[in-house]
Amino acid sequence: MKRSSVKELLHSDKFLQEVHVKGWVRTFRSNRFIALNDGSTINNIQCVVDFENTDEELLKRITTSAAVSITGTLVESEGKGQSVEVKVTKLEILGDSNPDEYPIQPKKHSLEFLRENAHLRIRTNTFSAVMRVRSTLSFAVHKYFQENGFNYVNTPIITGSDAEGAGEMFHVTNFEANKAPLNEEGNIDYSQDFFGKETNLTVSGQLEAETYAMALGKVYTFGPTFRAENSNTTRHLAEFWMIEPEVAFNDLDANMDLSEDFIKSVLGYVLENCKDDLTFLENRLIQEEKTKPQAERSEMSLINKLNFVVDNNFKRVSYTEAFDILRNCKPNKKKKFQFPINEWGVDLQSEHERYLVEKHFKCPVILFDYPATIKAFYMRLNDDGKTVRAMDVLFPGIGEMVGGSQREERLDVLKSKMAELNIDEEELWWYLDTRKFGTAVHSGFGLGFERLVLFTTGMGNIRDVIPFPRTPQNAEF
Ligand code: 4AD
Ligand code: MG
């Protein structure tokens with residue numbers, strides 16, 4: 001007999017027909033009521049066991065997280081909280097779960113405890129909701145780009161270049177520690193290593209994506225990205241997924257338009273297609289907020305917040321305007337910022353970004369035209385000679401969601417910038433070729449996928465929106 005999913009059964013009106021379903025027991029009450037879940041939906045289906053005619057030994061094996069196969073009749077439910085249920089005619093235990101050993105009890109566990117059991121936390125409502133939303137969001141990402149004429153490009157994970165020039169890279173080598181051969185100068189001789197050169201895990205696919213945009217016009221990457229920065233925050237991972245569109249002939253304004261339209265589109269898709277999960281996550285957040293002081297509670301519920309982003313324009317503000325707002329704001333004057341804002345040119349810290357979005361503008365903000373000195377070498381220099389065509393999209397509760405720019409397409413300007421920063425032209429000969437052969441204005445950005453999932457689900461820690469987080473001192477599973 002064909003197996004139905006729990007989701008299909010909950011939406012079915014084929015009453016009095018025989019149905020077949022498999023899943024895991026969430027709870028078993030009164031020796032009668034199984035709440036069964038198979039991951040197809042946040043909701044469980046109630047399966048009612050005829051305990052008088054069921055073997056006692058079998059009843060004992062219906063425990064939380066046991067895998068079961070059920071055949072029965074679909075009936076309209078008499079109980080509150082569900083419209084249909086299954087009257088069990090045949091129950092088979094597919095896999096037992098010893099309740100004395102199973103770590104996830106049907107009670108509230110802390111997120112920290114669940115992180116240590118990341119292989120089992122997906123069996124909880126919270127994590128199944130988060131990961132279904134994550135999956136839907138990634139589909140929406142591809143859907144948006146595919147429907148708008150972008151080509152999906154898989155840029156290399158192992159690379160010899162440091163795209164961001166920040167030097168926060170994981171090295172990739174086949175040398176055994178302590179046994180690496182040395183050259184005449186006493187440095188490690190990478191010419192003898194697997195790739196014949198020094199290599200690392202990519203920090204961004206941008207530079208390679210740019211070469212593809214110069215032929216395919218509109219491209220995007222969506223892949224794993226690695227940063228060896230030792231920042232133990234709720235917003236940083238050592239391994240995360242980045243989405244990087246790159247578009248030939250787009251200037252910075254078009255780039256800002258693309259980022260805004262893209263984010264609104266994927267959020268809209270999730271609002272439409274993840275209603276049950278978002279409702280669950282919204283209620284979870286309401287419960288969590290009750291434990292916080294009034295001043296820290298958010299003014300909007302999760303779904304209202306998502307709708308607000310979809311329905312309102314992002315505020316576009318230059319670095320210089322933002323600098324003035326920050327320099328004159330109360331927290332700065334009262335020396336409340338850890339990093340005071342005095343001189344034009346300072347890098348903005350997350351406390352400043354959050355002041356701008358959460359207190360001042362109260363909506364997503366796109367900051368643009370940053371000082372050249374605090375941004376990467378590839379950004380296009382403005383005519384003022386001191387700012388570059390950079391943009392960061394800042395979100396409430398998150399800070400930086402997107403970093404992007406119009407790229408420096410002028411070979412001479414790019415070369416002199418590289419010389420200034422001691423970036424070896426020989427290392428990036430292929431990147432410079434794009435400026436030699438048919439160069440054109442082009443722009444792109446990178447969006448940290450987990451930060452998007454954080455915002456969409458209302459979770460508070462980036463470790464809880466990726467299945468198996470990699471952070472300093474932690475690579476379990
Ligand atoms: O601002 P970033 O460093 O920009 C780039 O890498 C550019 N090459 C992108 C481009 O123009 N194609 O990173 C882009 C985004 C950030 O805005 C943030 O959302 C995310 O990547 N991100 C991280 N997410 C999680 N953990 C980390 N350690 C992250 N570092 C950056
Ligand atoms: Mg950035």
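Colleague: Quick one to begin with: is C47 buried or exposed?
Modeller: C47 is buried, because its relative accessibility is 0%, and the cut-off for buried is under 20%. Keep in mind that this is a predicted model.

Colleague: And C274, buried or exposed?
Modeller: C274 counts as buried too, because its relative accessibility is 4%.

Colleague: Okay, cysteines make me think of disulfides. How many disulfides does the structure hold?
Modeller: The count is 0. A disulfide would be a covalent bond between the sulfur atoms of two cysteines.

Colleague: Got it. Let's zoom out: how many helices and strands are there?
Modeller: You'll find 14 helices and 16 strands in the protein.

Colleague: And what does the C-alpha trace span along its principal axes?
Modeller: About 85 × 55 × 45 Å. The protein has 477 residues, and buried ones make up 50% of them.

Colleague: What about the surface, how much of that belongs to carbon and sulfur atoms?
Modeller: Carbon and sulfur atoms account for 48% of an accessible surface of about 24100 Å².

Colleague: Back to the inside. Which residues touch the most other members of the largest nonpolar core?
Modeller: That core has 59 residues, and the ones touching the most other members are F262, I263, M391, F395 and L447. Helix α4, residues 125-147, gives the most to this core, with 10 residues.

Colleague: Let's pick I263. What is I263 in contact with, leaving aside neighbours within four places in sequence?
Modeller: I263 is then in contact with F314, V393, F395, V402 and L447. There's also a second, separate core of 35 residues, and its members include V365, Y370, A376 and Y431.

Colleague: New topic: N200. Where is N200 found?
Modeller: N200 is in strand β9, which covers residues 199-201. N200 is buried, because its relative accessible area is 4%, and buried means under 20%.

Colleague: So what is N200 in contact with?
Modeller: Setting aside neighbours within four places in sequence, N200 is in contact with I157, I158, T159, G160, S161, M169, F170, H171 and V172.

How values were computed
Residues are numbered from 1 along each chain as its sequence is written. Chains are lettered from A and ligands numbered from 1 in the order in which they are written. This is a predicted model: local features need pLDDT of at least 70, side-chain atom pairs count only at pLDDT 80 or more; totals for chains, interfaces and linings use all residues. Side-chain values use heavy atoms; hydrogens and water are left out. A nonpolar core is a set of buried Ala, Val, Leu, Ile, Met, Phe, Trp, Tyr and Cys residues joined through side-chain atoms within 4.5 Å. Buried means under 20% relative accessible area, exposed over 50%, partly exposed in between (1.4 Å probe, protein chains only). Helices (H or I, at least four residues) and strands (E, at least two) are DSSP runs, numbered from the N terminus. Contact means heavy atoms within 4.5 Å. Accessible areas come from the Shrake-Rupley method with a 1.4 Å probe; for residues, only the protein chains shown count as cover. A disulfide is a pair of cysteine sulfur atoms within 2.5 Å.
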